[in-house]
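Look at the sequence and the model together as you read. The paragraphs below go through a few of its parts in turn.

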Amino acid sequence: MEHAAAGTEFNILLQYPPNTSIKTENTRLKKVKYEETIFYWLQYILNKYLKGKVITKEKIQEDKVVYREHFQDDVFNEKGWNYILEKCEGHLLITVKAVPEGSVIPRGNVLFTTENMECYWLTNWIEKKERGSWYPITVATNSRKQKKILAKYLLETSGSLEGLEYKLHDFGYRGVSSQETAGIGASTHWVNFKGSDTVAGTALIKKKSRYES
């Protein structure tokens, strides 16, 4: 289960009233530099981490041990995860609503919401995975702004926008923390431009297509 939010669902169980049933999380970007945001990458996260049979008996037992070692206490919500495993055969009981990927959204608007159908604590566990979209959203938004600046001066100096999509080249492979980060950043660069030396982006885009097929 990726241990994405170890202990989070336990803290939620302690803090919310006993009769809580539904919890909704919404994601928006408020403190950003530009007035508009490009929304991108949520589909990859949903298909890779949250689609299909996510919970298994083996994963529950593995995480139980990890939580015990991490917190030095039996805080793992084994009952809740077993409920999901038994009732829905390991499929997550959630509803995700989002604007279309690639959309240009005014700053401050909600990009997507996540709501549990049962197991209100599940919303917080999923949130940690979904929030990984901040990186490709940031890259796509910055890249779009740079493209507009390039377009302005290209038009002023040449009278044409020919070749604009190749005016900003991606050499980001050298400056990232992991292979997957390189792939995500490069694929996001292609939302606005076509030039890239980061081959990992091609590999990740092909993988993304397989997840979504």
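Is L155 buried, partly exposed or exposed? L155 is partly exposed, because its relative accessible area is 45% and the class between the other two is meant by that name: buried is under 20% relative accessible area and exposed is over 50%, with a 1.4 Å probe and protein chains only. This is a predicted model, in which local features need pLDDT of at least 70 and side-chain atom pairs count only at pLDDT 80 or more, while totals for chains, interfaces and linings use all residues. Residues are numbered from 1 along each chain as its sequence is written, and side-chain values use heavy atoms, with hydrogens and water left out.

L155 lies in helix α6. Helices (H or I, at least four residues) and strands (E, at least two) are DSSP runs, numbered from the N terminus. Leaving aside neighbours within four places in sequence, L155 is in contact with S160 and L161, where contact means heavy atoms within 4.5 Å.

T141 is also found in helix α6. T141 counts as buried because its relative accessible area is 12%. Apart from neighbours within four places in sequence, the contacts of T141 are Y34, E36, T37 and I38.

Two of these residues turn up again at a strand. I105, in strand β4 (residues 104–106), touches E35, E36, T37, V99 and L111, not counting residues up to four places away in sequence. I105 is buried, since its relative accessibility is 11%. The C-alpha atoms of I105 and F39 are separated by 7.2 Å, although the two residues are 66 apart along the chain.

Back to helix α6, and to its partner. The axes of α6 and α7 come within 9 Å and cross at roughly 35 degrees; axes are lines fitted to C-alpha atoms, for helices over the stretch in contact, and angles run from 0 to 180 degrees between N-to-C directions. From α6, the contact is made by Y135, P136, V139, A140 and S143, and from α7 by T181, I184, G185, T188 and H189. These residues divide into five nonpolar, five polar and no charged. Here Ala, Val, Leu, Ile, Met, Phe, Trp, Tyr, Cys and Pro count as nonpolar, Asp, Glu, Lys and Arg as charged, and the others, Gly among them, as polar.

The second largest pocket has a volume of about 190 Å³. Of the 16 residues that line this pocket, V139, D170, G172, G185 and H189 are the closest to its centre. The elements giving two or more residues to the lining are α6 (134–158) and α7 (179–189). On a 1 Å grid over the protein atoms alone, a pocket is an open set of points where a 1.4 Å probe fits, with protein on both sides within 12 Å along at least five of seven lines, and lining residues have an atom within 4 Å of a point. Grid points are joined across faces, edges and corners, and the volume is the space filled by probe spheres set on the points. The lining divides into six nonpolar, nine polar and one charged.

Most residues other than glycine have a negative phi. Q72, in the loop between α3 (57–71) and α4 (78–88), has a positive phi near 55 degrees. C119, in the loop between β5 (110–116) and α5 (122–130), has a positive phi of about 60 degrees. Q72 counts as exposed because its relative accessibility is 59%, whereas C119 is buried because its relative accessible area is 13%.
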